[in-house]
Amino acid sequence: MSERLDHLAGRTVIVGSGLAGLMTALTLAPEPSVIVTRAALGTQTSSAWAQGGIAASIGADDSAALHLSDTLAAGDGLCDRTVAAGIIAEAPAAIAALEQAGVRFDRNARGEFSLGLEAAHNRRRIVHAEGDGSGAAIIAALVRAVAQSPAISVLEGFEARRILMDGEGVAGLLCATADGTAILPTAKVVLATGGIGGLYDATTNPIGNFGQGIALAARAGADLADMEFVQFHPTALDSRRRPLALVSEAVRGEGALLVNESGERFMARIPGAELAPRDVVARAISAEIARGGRVFLDARDALGSRFATRFPVIAALCGEAGIDPAKELIPVRPAVHYHMGGVATDANSRSSVPGLWVAGEAASTGLHGANRLASNSLLEAAVMGMRAARDIAGMPARTGSPFQSERLPAPADASLVRPVVSRHLGVLRNGGAVQDAIAALLPLAESDGPAADPAIVALLIAVFAGLRTESRGAHARTDFPLKLADIKRRRMRLSQALEIARATPSYALARSA
């Protein structure tokens with residue numbers, strides 16, 4: 001049964017209920033908005049799982065210039081300096097807005113923010129809440145604030161399947177519900193759907209997050225950017241749990257060391273050691289595992305009995321795996337954690353499609369470049385959610401124009417895509433593997449089956465990866481280990497990526513076989 005929700009017509013529709021989506025809705029209020037979420041509000045979001053906190057240059061020895069410098073260094077030459085500087089400058093305002101919404105950040109005995117240190121930061125600037133439970137505490141406070149706002153309608157159990165178009169602009173949103181199909185007529189959609197971790201076997205993200213926002217925007221004709229840059233967190237807890245539990249790099253920030261099965265501190269010979277940028281640490285750990293070794297975090301001397309007090313969530317996760325981090329080594333391995341690529345947006349979260357904004361991990365603003373600096377993700381989600389709201393609030397009200405409704409696509413299933421992506425588009429890549437990925441993914445992407453949307457996102461990653469013939473940031477190619485002198489970000493649409501994929505030799509060979 002298909003239902004058209006005309007009583008909500010014309011309202012801004014926000015897809016996703018992580019930090020970016022909730023901040024968009026709260027900043028828009030009292031202007032009416034609708035949050036569409038396939039699960040309960042604030043659940044199944046990467047934001048709620050964040051351990052570290054929010055990067056903000058508010059310490060006495062810090063500045064926005066220093067924060068920007070660290071961000072640009074981690075981004076390995078591909079950050080948009082202007083965008084990055086603007087987002088970083090708004091960090092104190094974002095922290096204030098979150099506090100006003102009810103978030104209670106940790107403070108010391110003097111009432112000052114308790115600031116943590118994370119990898120590749122040269123100052124303590126991580127504002128956190130409830131120790132390593134920052135994401136959960138922030139989302140819980142914002143969910144309470146949304147529940148108290150009469151301007152925000154929440155549609156739980158609604159899964160966005162297609163953006164409905166009127167020519168080149170947004171006209172509505174097609175959703176699957178428990179009762180069938182629902183159509184939300186609107187000319188303003190904000191995608192805040194999170195990342196792509198569900199495309200990989202080893203991830204710290206909710207398994208169901210395969211890049212839905214990217215697929216929605218790509219099918220609507222939006223420009224995509226920097227899709228090849230997938231960040232692997234170096235230290236996921238190596239256990240049977242799926243998704244893998246994260247061991248925040250704040251643990252290394254407090255002095256924990258990385259050692260192999262022989263007790264060798266293999267990061268000691270690398271600049272930055274344990275606090276080197278994530279791509280560097282992830283590759284070093286991958287190399288240890290590739291030779292048949294194992295890698296562990298040793299927090300015994302640095303934290304010992306204080307571990308559970310400083311990191312209660314991580315201590316509980318270790319306990320679940322039968323490990324006492326105060327007395328034992330913590331086994332770790334890299335896992336997909338964040339996607340620097342996504343839907344290309346401007347400084348106000350606008351995509352190339354009229355009426356479509358994208359905020360948070362689903363977007364590619366240029367802040368992160370080739371490799372995200374730790375705790376800049378929640379900062380970006382908060383700031384860009386607020387900016388999207390301000391941009392929308394300044395626009396004249398209009399409802400979506402008449403549109404041609406589509407049939408409801410099948411529920412997405414990434415199970416056929418996951419083995420291909422995990423094998424060919426991991427920490428270390430090469431041209432042959434990328435071509436094999438394209439050959440396997442293209443038929444799925446061009447189908448109308450349940451694998452189509454996950455395959456579209458994975459294919460975009462593969463095509464972008466094939467075009468970047470260098471190693472930079474989170475994109476490491478064994479056949480092109482050096483960096484090119486002439487560097488640039490890349491943008492393209494799905495139609496262009498499909499053309500490139502069809503011309504790939506491996507795909508042509510598979511077709512002729």
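How much space lies in the largest cavity? In this predicted model, the answer is about 50 Å³. The structure holds one cavity of 30 Å³ or more. The lining of the largest cavity is made up of Val230, Phe232, Arg278, Asp279, Ala282, Arg283, Val427 and Ala474. Five of these residues are nonpolar and three are charged. No polar residue takes part. Strand E13 (230-237) and helix H9 (278-290) each supply at least two lining residues. The most comes from H9, which gives four residues.

Strand E9 was examined next. Nine of the nine residues of E9 (residues 169-177) are buried, so this strand is largely enclosed by the rest of the structure. E9 pairs with strand E8 (residues 159-166) in the antiparallel sense, over seven bridges. Within E9, Gly172 stands opposite Leu164. The hairpin of E8 and E9 has two residues between the strands. Gly167 takes a positive phi near 70 degrees in that hairpin. E9 is also joined to strand E10 (residues 180-185), by six bridges. These two strands run antiparallel. Leu174 stands opposite Ile183 in E10. A hairpin links E9 to E10 through two residues.

The whole structure contains 34 of them. In one, the side chains of Arg124 and Glu254 meet at 3.6 Å, N to O. Arg124 lies in the loop between strand E5 (115-116) and strand E6 (126-127), and Glu254 in the loop between helix H8 (250-253) and strand E14 (257-260), so the pair ties together parts that are 130 residues apart in sequence. Arg124 is partly exposed, at 36% relative accessibility. Glu254 is partly exposed too, with a relative accessible area of 21%.

Asp453 forms a salt bridge with Arg162 (3.2 Å, N to O). Arg162 lies in strand E8 and Asp453 in helix H15 (residues 452-467), so this contact ties together parts that are 291 residues apart in sequence. Arg162 is buried, with a relative accessible area of 11%. Asp453 is buried as well, with a relative accessible area of 15%. Asp453 also meets Arg219 in a salt bridge (2.7 Å, N to O). Arg219 lies in helix H7 (residues 212-219) and Asp453 in H15, so the pair ties together parts that are 234 residues apart in sequence. Arg219 is partly exposed, with a relative accessible area of 35%. Elsewhere, salt bridges that share partners join Glu228, Arg468, Glu470 and Arg472 into one network.

Definitions and conventions:
Residues numbered from 1 in each chain as written. Predicted model: local features only at pLDDT ≥ 70, side-chain atom pairs only at ≥ 80, totals over all residues. Heavy atoms only, no water. 1 Å grid on protein atoms, 1.4 Å probe; cavity = no way out; pocket = protein on both sides within 12 Å on 5 of 7 lines; lining within 4 Å. Points joined across faces, edges and corners; volume = space filled by probe spheres on them. Nonpolar A, V, L, I, M, F, W, Y, C, P; charged D, E, K, R; others polar. Buried < 20%, exposed > 50% of the residue type's maximum accessible area, 1.4 Å probe, protein only. Pairing = 2+ DSSP bridges. Salt bridge = Lys/Arg side-chain N within 4 Å of Asp/Glu carboxyl O.
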